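Please open the model in your viewer and keep the sequence panel beside it.

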Amino acid sequence: MSISTDVRTTARRFVAATSREALRLVREALGAEAIVLTNRVLAEGVEIVAMAEGDVTQALKSAEPVVPPALAAPVVQVVPAKPLATPAQEPVAHTDTVLNELHSMRGMIEEQLASVVWNDKQRQDPVRGRLLRTLLGAGFSAKLSKAMLEKLPTGQTYAQGMAFARSELIRAVPVHEDEDALLAQGGVYALMGPTGVGKTTTTAKLAARCVMRFGADKLALVTTDSYRIGAYEQLRIYGQILNVPVYAVKDAGDLHLVLQDLRDKHMVLIDTVGMSQRDRAVSDQIAMLCTSHRPVKRLLLLNATSHGDTLNEVVHAYRHGGGGNELAGCIFTKVDEATHPGALIDTVIRHRLPVHYISSGQKVPENLMLADRAQLVDSVFQPRRHNPLFVPAEADMRDEPAGAAPSAQVVQAQAEADRLRAQYQNLIRAMAHDAQELATAAGALAGAQIGFESARRLWRSAGDEDIGHKAVLQDLMVHARSEIAAGCDHHVLALCGQVGLRSNEGADAYECQSSLLLSDRSGSPLCAPNQWLSTAATRGGGEARRKPGMRQVQWLRQQVFGKSVVHVLPRLPASELMAEWQAQAQKWLAHAPGSTGVIDPHTGASGALARRDFEFGEAHPVLFRGKPAVQCEAHAEVILRAGADNAVLPTLRCVVTRVMDERNRKILAQDYLLTNVGMQVTARQLAQWQGWAAEADPCFRLIRQGVQLVGGMGELGDPNMMKRLLIAGQVTTTVWRLLQADGEWADRTRMLLNQLTGRPARSSRPLTGNALYVGVGKLFLLLEALGTESTAPTQRQHTVLEQHD
């Protein structure tokens, strides 16, 4: 672009000792209406570059920009080995910069002139100024407010002016009003927006509406959030409640495959990663959605608590997609927290972004409603208490004056709330049976002292990234001491079991050595304070199998439980361990085969346990394989024959348990156990401990189910895998105690949990531990979704009635 010399010379430069003196020179030379272009301090004084008003107008109208000489030098590019550019050879980039500056100056001048005109109108019509302040205070931008009031006829009252503004806003707000058509059309919808805007909760609300409309088998949920474990867990919880599958994808390839597999689903809802509108990865996420073979309609979630500038920035960041894929619409969230909701309406009007739904609370699925133009506009100007977008609480109703009838808005809002409750009652019952029944079951479980509240608290922490496995381990130790203090007399029985585990998505195999502490009073599993995990590569070494309970003894020896620990082992420990544990005063008992060689410490005679004569005590009734029988016990001191290492072995007690037919006294079974526990514990009690240990052994296998409940086994290096394993071990004790519990409350609770699994109730088929575990997991999910806590009966009933009446 060329620059004419005659135009450029119209800008004049003035230098004086002070700014006041320089301005005086400008006024004398160019007149009082002169336009100052630049003002800067130089070594010789203050420099002002100015133009006469007429010259500025002529320059703006001209196709050639005016370039003050003083502005040319600072922006001339210096290129090595080339001479400096002369003013006639200045780069086009420089002239464009100056042109932009002049156009900006023109815009400011026009804005100032518009303000003068607007202020003049305000002086002539004061109501217009009051209306402007009202609109600005509600969150509307100055540009939209002034444009709207430009059309306001003069001579209007304030009430007439507000009615005019309301009608203009209602006409201008873009809203998607036909939900039936939206859901009938189906397709893939992605919910997008910044972090914390409420995408996951809103996805669950929409999923609930879809399930109620065309069933769970026609819907699928997808999350692209592979960064936060808690995000997937939360969506998975809602998916389990609604019986809707949930898939996690990491990139465009994963999304393509998942959507291909879900092509038979009527609707797919995608919960996307939350990220700042200024994050460069936003465009990558949009590109991933827009390049899918199946069209993805994007809905932008707008936070009602955000400032207007922030909302505008969010829309600009998320609006455009590849291949002309524009935003299909938006959803307002956190409307119940907003103080200036006008900014939301202002944003969608300026960007012509249709509003699909309004989210005004955390409850799923109640706090989601269709967008209504009149309600949206009225919500901006009405007090919060009478805002139709807010369902009034009972406290709001009680604020009405005594004897006064509720206002029309309150009655309307209450009717809307009742309608929503009635509409979703069947859905809530379908996915949660009855809230009262669930609350009753939760209260019964909490009062049964089987560790239910502790298990539920641990389950909650499974998806909390801020809680590590060390914190869980510490919590388990506190719980263990409490359970042992209440559930044991003088000893606590320690069991160790081994179970194989596999990672969910890979071929990694693990061996879990689990600890389980039982009551010496009832044999009930009280706690699982620690777990050990090793890879399958170390399984074949046989060290743990040759020395059962070794790790357990080493770890438990360092703990303080307030009761003496007795390790109940599946088989005899190695001779060197016996000597070591004896020196450490570690108590143990173990099953021994009848062929075990022993020496009588009194006579020196040696022989197998099965060949020794024992004096049995009085028989007492027992159940053997579900049938009545009698049992008697005998005990004697023995010394194990020295092994190959010729270690000196301590004197042990041998306890023999003989089970006989109650009629003909035929021997049905005879077992042997060896122990270093002293005579203060009777033979019958030791035999009982061994029996309880055998009955609790299946408890270890339930850990597999528990691990799946809290997220499954990960790959090597998963930082949260150990935490999940610890949680699974403790929850397993609660499930096992519930499985063994007696009483009407236990029968009712097990029946409810069986119903939650979807299994038909059959009296001929007893409930298995795995099925009960699934039911407990469902109960945790439903109580969390319904916001139900395990409280005392009267308080619990009051809470449930308040929330779900």
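In this predicted model, select Arg352, which counts as partly exposed because its relative accessibility is 48%, and partly exposed lies between the limits of under 20% for buried and over 50% for exposed. Arg352 sits in the loop that runs between helix H15 (342–351) and strand S10 (355–359).

Now zoom out to the whole protein chain, where 31 helices and 23 strands can be coloured. Of its 805 residues, 47% are buried, and among contacts between residues at least 6 apart in sequence, 67% join residues at least 24 apart. If you display the surface, the chain exposes about 38900 Å², of which carbon and sulfur atoms supply 51%.

The last stop is the largest pocket, with a volume of about 1000 Å³. Which residues are the closest to its centre? Select Gln690, Gly691, Ala693, Ala694 and Glu695, which hold that position among the 39 residues that line the pocket. Helix H25 (683–696) is one of the elements that give two or more residues to this lining, and H25 gives the most, with nine residues. Other such elements include strand S12 (491–502), strand S22 (651–660) and helix H26 (698–701). Coloured by residue class, the lining divides into 20 nonpolar, eleven polar and eight charged residues.

Terms used
Residues are numbered from 1 along each chain as its sequence is written. This is a predicted model: local features need pLDDT of at least 70, side-chain atom pairs count only at pLDDT 80 or more; totals for chains, interfaces and linings use all residues. Side-chain values use heavy atoms; hydrogens and water are left out. On a 1 Å grid over the protein atoms alone, a cavity is a set of points where a 1.4 Å probe fits but cannot get out, and a pocket is an open set with protein on both sides within 12 Å along at least five of seven lines; lining residues have an atom within 4 Å of a point. Grid points are joined across faces, edges and corners, and a volume is the space filled by probe spheres set on the points. Helices (H or I, at least four residues) and strands (E, at least two) are DSSP runs, numbered from the N terminus. Ala, Val, Leu, Ile, Met, Phe, Trp, Tyr, Cys and Pro count as nonpolar, Asp, Glu, Lys and Arg as charged, and the others, Gly among them, as polar. Buried means under 20% relative accessible area, exposed over 50%, partly exposed in between (1.4 Å probe, protein chains only). Contact means heavy atoms within 4.5 Å. Accessible areas come from the Shrake-Rupley method with a 1.4 Å probe; for residues, only the protein chains shown count as cover.
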